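This report looks at helix packing, aromatic pairs and the relation between the chains. Please read it alongside the structure shown here.

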2 protein chains.
Amino acid sequence: MNALGRHILAEIYGCDPAILDDSELIKKIMVDSALAAGAEIREVAFHKFSPQGVSGVVVISESHLTIHTWPELGYAAVDVFTCGDRINPWDACNYLTEKFKAKHITATEVKRGLFDQPVSVKVSNL
Amino acid sequence: MNALGRHILAEIYGCDPAILDDSELIKKIMVDSALAAGAEIREVAFHKFSPQGVSGVVVISESHLTIHTWPELGYAAVDVFTCGDRINPWDACNYLTEKFKAKHITATEVKRGLFDQPVSVKVSNL
């Protein structure tokens, strides 16, 4: 089977709570992690919750990164979904895990878009 | 174990290609699917690719929905991630699958944020 994409679901525990509650910093880390992997940024949308927590997404040409944080638990749920062979989602995942000062991470890679025949990916942009 | 969230990874095949290439329509279907599940919309960001394909995200108070479409393959990769017990991610997933006129879907639910003790969710907004 041929897959269109690779999707990492990362459970990131033991992070610095102050980092996880800083919306601007989280946004920067997520964007930088995408760039570190060589992705092209298309859209960025983040939301700060009260009393705490941040949710956000970085849409990239190659698919997306998302994050939801629970500072009170030191926990972040991160997804890194990339299409094509040009970039490696683990590069972004490893980058942000380091920046969050995580103590423990469990991550699973899931193949997305399975086809019998080889398939192409979106390659150009508006 | 107690989970913070439920995350559906849906592989949606045999969709109407015209729908999958219509960015505004995709956005409306994704937002409506979130509303159909009872979610609160926080951020919406979509991107149209050339020559075809749409990527987008709906950030909700309860986490997010994302989509990436390949009209040429009739395929859409959809994620519906919800936290808490108030809404059911399958309500959104079933809604959008119907709207895309999908012929075949494979979907997996993954638990996110596992803790030994019961855990709370983000409940309020800025």
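## Helix packing in chain B

In this predicted model, the residues I29(B), M30(B), D32(B), S33(B), A34(B) and A36(B) of α2(B) are in contact with A92(B), Y95(B), L96(B) and K99(B) of α3(B). By residue class, the contact of α2(B) with α3(B) comprises 7 nonpolar, 1 polar and 2 charged residues.

As to geometry, helix α2 (residues 23-36) of chain B and helix α3 (residues 89-99) of chain B have axes that come within 8 Å and cross at roughly 145°, and the crossing in which α2(B) passes α3(B) is right-handed.

## Helix packing in chain A

In chain A, the axes of helix α2 (residues 23-36) and helix α3 (residues 89-99) come within 8 Å, crossing at roughly 145°, and α2(A) passes α3(A) in a right-handed crossing. On the side of α2(A), the contact is made by I29(A), M30(A), D32(A), S33(A), A34(A) and A36(A), while α3(A) contributes A92(A), Y95(A), L96(A) and K99(A). The residues of this contact of α2(A) with α3(A) fall into 7 nonpolar, 1 polar and 2 charged.

## Aromatic pairs

Over all chains, the structure holds 8 aromatic pairs. One of them joins W70(A) and Y75(A), whose ring centres lie 5.5 Å apart with their planes at 40°, so that the pair is tilted; both W70(A) and Y75(A) are buried.

The rings of F115(A) and Y13(B) have their centres 5.4 Å apart, and because their planes stand at 75°, the pair is edge-to-face. This pair crosses between chains, running from F115(A) in strand β6 (residues 104-115) of chain A to Y13(B) in strand β1 (residues 2-13) of chain B. With a relative accessibility of 14%, F115(A) counts as buried, and Y13(B), at 14% relative accessibility, likewise counts as buried. One aromatic cluster is formed by Y13(A), W70(A), Y75(A) and F115(B).

## Relation of the two chains

The same surface serves both copies, since 100% of the contact residues of chain A recur in chain B.

Key:
Residues are numbered from 1 along each chain as its sequence is written. Chains are lettered from A and ligands numbered from 1 in the order in which they are written. This is a predicted model: local features need pLDDT of at least 70, side-chain atom pairs count only at pLDDT 80 or more; totals for chains, interfaces and linings use all residues. Side-chain values use heavy atoms; hydrogens and water are left out. Rings of Phe, Tyr and Trp (its six-membered ring) pair if their centres lie within 6.5 Å; planes under 30 degrees apart count as stacked, over 60 as edge-to-face and the rest as tilted. Buried means under 20% relative accessible area, exposed over 50%, partly exposed in between (1.4 Å probe, protein chains only). Helices (H or I, at least four residues) and strands (E, at least two) are DSSP runs, numbered from the N terminus. Axes are lines fitted to C-alpha atoms, for helices over the stretch in contact, and angles run from 0 to 180 degrees between N-to-C directions. A crossing is left-handed if the near helix is turned anticlockwise from the far one by less than a right angle, and right-handed if clockwise. Contact means heavy atoms within 4.5 Å. Ala, Val, Leu, Ile, Met, Phe, Trp, Tyr, Cys and Pro count as nonpolar, Asp, Glu, Lys and Arg as charged, and the others, Gly among them, as polar.
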